Structures are given as C-alpha cells and as structure tokens.
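Welcome! Have a look at the structure below, and then we will go through some of its features together.

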Amino acid sequence: MANLVPPFSLSLIPLNQHKYETKNSFFHKSFIQRKQHQLVSRNLQDFINPFSQNLTSKLFATSRLSIEEIEQQLTPFTKPKDLKTALPYLFRTEIGNGLVRVYVTKKKVSYAVYIEISSFDLNGSKGETLVLCWGVYRADSSSVDGRTGMSVSPFVQTSLGKFAVELEFDVKQVPLYLSFLLRSSFDDGFEIRSHRKKNFCVPVGSLPGYPGPLGLSFSPDGSMNFAVFSRHAESVVLCLYDDSGVEKPALELELDPYVNRSGDVWHISFESAWTFVSYGYRFRNKDKDNSYGEHVVLDPCARIIGNSYHNGIGSVKNLGRLGKEPAFDWGDDCHPNLSMEKLVVYRLNVKRFTEQESSQLPSDLAGTFSGLAKKVQHFKDLGVNAVLLEPVFTFDEEKGPYFPCHFFSPMNVYGPSGGPVSSITSMKEMVKTMHANGIEVLMEVVFSNTAEIGALQGIDDLSYYYANGIGDLKLRSALNCNYPIVQNLILDSLRHWVTEFHIDGFSFINASHLLRGFHGEYLSRPPLVEAIAFDPVLLKTKIIADCWDPHDMVAKENRFPHWMRWAEINTNFCNDVRNFLRGQNLLSNLATRLCGSGDMFSDGRGPAFSFNYISRNVGLSLVDLVSFSNDDLAAELSWNCGEEGPTNNTTVLERRLKQIRNFHFILFVSLGVPVLNMGDECGQSSGGSPAYGDIKPFNWGALKTGFGKQTTQFISFLTSLRRRRSDLLQSRTFLKEENIEWCGSDQAPPRWEDPNCKFLAMTLKAEEMAFSESSVSSDISGDLFIAFNAADHQETVVLPLPPEGMSWYRLVDTALPFPGFFSTRGEVVPEQIPGLSTYQMKSFSCTLFEAKSGTS
C-alpha cells in the first residue's frame, strides 16, 4: 500500500506580483469579474473542504527517498524567458472548449510547475470560479483519482488577465507525477478533466522519454531512457532499486498512459539515475486475476542483468542493471570468416568444460568463459576451428540452458566473479582469444520458448506467447516468434551478439518452431526465418537450424525454408550412421549421408550446409552409445556390442573400441561439417542415461589415459586428412557422379536394397588438376578408396586399379591396434599379381586407402 510522506513545498502566488507581456486572453470578461469577486468574497476554506483539510500536498508512493517537510513560501511567477527552456505540455479538456498549458522547469534546487488555463464558460453562475485540485503520486495513480489525498490551490490573475498557478517541489522530492483537475468553487460544482475523462497528469523530475530504442539507452548528455513494449497493459510501473536490497523497490513510478506512452511502447527518461543500481517493471492489465500484476519483471531488452535470484526474492527473480555495457578493447580482432565446408565444430557447455578440478584452473576461472579460453590449445590439438557453445543466455538454473529468461546478456555465473560485468568482459576476452587462434565462436540460441517463470511472462502474454496452448503447443512458455514485436526482439538479440560480442554464427534450437504463424500453423515462408536470412548485419554470420525440441527431447523433422542461407543440424546423418554400424540399415541410406545428404541439400545449397554429428549434448554419449542398449533406450539406436554396461570381456571391449573409431571415421570422411561432442574424445560416460542433467563435467585427466590419447590423436589425424584432401572431403558442392564409384567387396555393384548386406566401398576420384596442385606433401595424392564393414565377419576386399604410376597406401584400418590403425604416410598395399591388390578387412571395421606416387 502507498505510504504517506511529509508535505511538499507549495508556492501560492499573490495577485499582480509582477507584470509581463501576454499573447493570449484566457477568460471572458464576465468570468474574470466573477473570479475576482469570488477570491474576495468567498473564503478559500469553503471550497477546500471536499478535498484535503490543508493547503499542503501529501505524497502517496512506496519510496525510501528522504523527503523533508518544507514550509510554504511565496515566490514570483516564473519569467517567460525561463519557460522557453521548460518542458511544455498541452491538454484538451473533456468539455471541448479551452486548453490547459503546463510548463515544467528545473531551477537550482527545485522544480517548478507552471499551469495556465484558457477560457471556460461557467454559464454565468454567480460567484463561481475555478480552483486547481491536485495531488502527487509515484506508484499508484489511483491515490489521487478522487477527492481524497488532494490539495487545492486558487488560480490567480496576472496584471494582463491571465490565470495561473505555480507549484514548486524540492529537488529531493522528485521524481513524481502531478495529477490535477479543475473544479468549480461551489461544493456541488462541476469538475473539468482531460479529454480522456481522467485527471491531467505531468511528470516532475522526469521526461516523457522516447519510444525507441527499446530497453535502456543513454543520450550523449548522460540522461537515460526507458522504453518497453506492452500492448495490453493497463498500467506500467517502473521499479528502481538501490544497493540496499531487492525486497522492496527504492522508488516506483507509474507511467502515465497519456504522457509516457506512444502506441504500444511505454517510455520515460531521467537526467540521472541518482543512486539506483537496477530496475524492473510491474505490468497490470484489466484482468483482476492477473497473477503477474505484483511481480517485478525483467526488461526484455535489458543489456545487462544486474541481479539474478535463483528462487526469487519476493516478487523479484531478475533485474536489469542501470549502466552502460563495459567498454572493451577489441584491438585488431576480426572474424575468421571460415567457409562452411572448412569447419570442424566442437560442441561444449561452458561450465562443464572446465569446472572439474582436473582442469587445473584456479577456482575463479573454472567453469567460466575465461577458463574456456585457457583451453584453446586443446581445440588446436584436435584440429577444431569452431566451438559451438550451449546457450549462454540468462536461463532457469533448475531447467537448464534451454529455458532462457533473457536474450541479451550472458549468464552471470560464467564470469570469474559471478557478476554481470565480469561475465560480459570474460566472454569477449574468450571470443578474442579464439579468433586470434583462428577459431570461430558459434552459439546455440533458443527462441522457441522461455523459462516458465522469470522471463517475459506478465509483460504482454497475448503478444509474446501463444495463448492457452494453441494447437499442439501445450506450454505457456512457447514464444509467438513470428509476431512482429517478438520477431524484432529476436533480430535485435542476434545483432547484439554479433556487434557487441563478435559471435560468428548461431544454431537455432527447436528451429521448426520458428516456422509457426500467429495461430500455431506452419508457414511456408515464415517472416522471421526470412528476415534472419537477409538481415544485413547477419550477412556473414552462419545460421544453422537445429530441430531438436528441448521439451520432447527429440528432433522434429520439417522441410526447412533456407533461402540458400540456412544450414541444418543433420539428424538423419546421425540416425543412418548409427543404424548402419549396428547392422540395421540399407546401404543406400549410408551412401546418401557419405555424399552430403543430397536428399536434404540438393535444393540449391550443397553438402557444406549439412552439420553432421554422431552424438550430442542430449542423449547417449559416444561411449554409452556402444555400451548400452535396452528397451528404454530404443530411440537412441544404440548397440552394446554384446554385453550391457561396464564389462571386462575383452572381445566386447575391442568391438566397442572399433565402433567408436568407426563413428569418428565416418563422421570425418562424409561430406558436410563434422560436429564433435564434448567428452567423446576422452570416453565421457553418463552411465547409460540420455538425460541432459546426468552429463558429467569434462574429465581432463581422462585425456592422459590410453583411450584418451589414441582418440584425440585419431581425431587430429582425421582433421588433418580433411584439410589435406579438401578436394574430396571438404567440397562445397556435391561431387560429380563420374568422381564416385560404388562397389561391394569383390568390386561387384553394391546390393543397395538388401537389408542383409552390411558392406560398402567407394572410390573418390581426384580431378587431374589436383595431382599437379598438391603442395602439402612431396607425394602426389590421387584417389581415395574407402570401405565400411558392419558385418560380424571379415571381408576380402578387392581394391580397384590405382591411377597410372601410383600405388595404394593404407592410411586407416580401425581394426588394428594403436598406434598402427592410422598413419599419415600410410602403409603400401602390395599387389598379389600385377594389377590386383586385395585386403583382409576384419568385422566391424572401416578402412581408407590413398593412391600415391613415390615411396613412403
């Protein structure tokens, strides 16, 4: 409830205090005579009685500001020259004739409000005149809507016939709103309000503000502007907090819908923020059961999260910080701008990547952006040139990073000190470090939904969210992405991360949701997806659609409109490779994935738009994928290689090791962008649980184990091979049909549609030009012969004839022991007879041969 505070200063101006020129006459002569008579013959107290019992004002506001009582004082009217610099307001009245002019000006230690009225016809009632009934408020305009809590001041006449009154407020008493109406001096007389049939209202100590840009912005003169969208709010209250706590705002200001609203945007500005440190809003609508009416909501466009409270304190969960983003010296940083076909991506969680003690980082760096930057050498050792960060937006810590509360600021806990400035600076330093090492930074972003509390709820649910679970959208937190204001919010967020944080690309989680229209229907040409594709700020930014749904924990397949800009996380690649290696897929499906998924990307894009993966940060890790398979994990398409879970069976362990190598091998020899998952290089396991919450922190000690060493070295070899043979393995376009030959183990055509056939081989033929342009090695490299055996028995493979003057060299055989199962120079394959070379492939293995001239 509002609190009563000591009275304000009130200046009553005697008649004819001074003279100055006038431009307009405000009253008819008869009315002026009646008013002068009224002031002389009628006791002022007679028409004060219906209002307050004194001439001082009472402030109704929830505020801890120190407001001292100041005695009434008589001061001269503000001079006209002062009004030229005052903030003017012009009001129409509900009776249609006459205007009310208000001027607010700042003096040295006070604010003056000067009110003039124009001609009003009171129908000649004898002795009747007008008085100013006024009150002040901050958080609750209803406290001065009626006669209660209002004071009365008489209008006085200047020497030239104007009628005016001036109120003065000490600078310590602002900001506030002055609410007033004009009333007949008779007890039963009429009242005059604005044309909206509400009290006239002007801000004192604040400015009306501007509707753009949304959020908190700063002018060159140091003033700050607040602007927030809400179409359906009946009232908006700005809540300002100081450093004494968030249990209660230090100041609340209810924005006036006439002064502080332009269209659907509410706004206000101040010359300074005094001692306030953070802010939020209360939104109230006509719904009396509005459950969010008393909650303090975070500004959707705030650039810095000043305070974040996991369980909330009172009605507060997140607050925006009052202040500019910290300055940062980017130096000569520039985006690597790698072409998509050259990418090798590593997906990670910022906190889990370095939070374990095995990272050997100081406690203040572990689990932060700074800790991530310290591990840049690990990415270089693997040959990775892009990191894909799980969502770093401020999110619901109970639900995880795929349930964001905000879209413009990184999670505070990712900074060394856990504060907002630390987090922002730390992230920028990390990006700068990655760029200096030729590594791009991509971010997963979630715009399909928000957290269920502490996000946009209560601001304007009918605009931001789908109402009442339209169609199959059962969640209250599902964002209406293609609604104009939400679309603008998303675009502003993406531009912010590119311009302020130098982010190189975005992977849009649950991207199929971005295709939905206002009523939940799927659109063939969704405005948001198209706008992102053609936005000039995002022109060189990589944009990737990931149709995995964090609610259902599955990927939703949709034909995604792309405008030759959108890449996609290729779930079909993952499923088909998993099925092949467990012996349950057709050869034709594997061939499609190896060649860049032409069924998905031959529509004007090409294989470079396919982001391929075997495991990801949800579902089974790579080690668990070959160790667990039961009815509960049927959707994972896993195979335990003979025994469930941990085992000491050597045969099973060897089979699992081969399968892990096979998965990595197929990932890197396929056209498209390989995406590695954090922890797969060191055998990270969640004990067979696909749940996101069961993922363990990265174990840096595991990299020193035999498995860790051989796997990281194998990945490094594969990334090097892709770069060296970019002509065949990193093609932006699909290979020509004449450059690929498919065969079975005996060089016969493959049995494409035979479900029992589990062997496939292909020859990738290098263009003749590539022979003469090889500058990486002194050896001239030619064709590649690659074979895949998912059967439980060995195969005798007949190799095709190598190009003239060349021999086949075995570079990879996943069935051989470490370190001999891969080699950069290769092992020559002898001919059994001239023109015939064969090779014994063991069960569950893959091999790669390269045609070379010269000797190893």
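## A guided look at the model

Pro213 sits in the loop that links strand 12 (200-204) to strand 13 (215-218). Helices (H or I, at least four residues) and strands (E, at least two) are DSSP runs, numbered from the N terminus. This is a predicted model, in which local features need pLDDT of at least 70 and side-chain atom pairs count only at pLDDT 80 or more, while totals for chains, interfaces and linings use all residues. Residues are numbered from 1 along each chain as its sequence is written, and side-chain values use heavy atoms, with hydrogens and water left out.

**Cis peptide bonds**

- The bond between Gly212 and Pro213 is a cis peptide bond, with omega at about -5°.
- Phe818 and Pro819 are also joined by a cis peptide bond, and here omega is about 10°.
- Pro819 belongs to the loop between strand 36 (807-813) and strand 37 (822-828).

**The barrel**

- Strands 22-23-24-25-26-29-30-31 form a closed barrel of 8 strands with parallel pairing; two strands pair if DSSP finds at least two bridges between them.
- On average, neighbouring strands of this sheet are turned by 25° against each other, direction ignored.
- Strand 23 (residues 386-389) and strand 24 (residues 440-446) run parallel and are joined by 4 bridges.
- Leu389 has Met443 in strand 24 as its bridge partner.

**Helices on the sheet**

- Helix 6 (residues 420-436) packs on the sheet and touches strand 23 and strand 24, where contact means heavy atoms within 4.5 Å.
- The direction of helix 6 makes about 135° with that of strand 24; axes are lines fitted to C-alpha atoms, for helices over the stretch in contact, and angles run from 0 to 180 degrees between N-to-C directions.
- Helix 9 (residues 527-534) packs on the sheet too, touching strand 25 (505-509), strand 26 (542-546) and strand 29 (566-570).
- Helix 9 has a direction at about 115° to that of strand 29.

**Positive phi values**

- His502 is a residue other than glycine with a positive phi, near 60°.
- You can find His502 in the loop between helix 8 (484-501) and strand 25.
- His502 counts as buried because its relative accessible area is 14%; buried means under 20% relative accessible area, exposed over 50%, and partly exposed in between (1.4 Å probe, protein chains only).
- Phe844, again not a glycine, has a positive phi near 50°.
- Phe844 is in the loop between strand 38 (837-841) and strand 39 (845-852).
- With a relative accessibility of 9%, Phe844 is buried.
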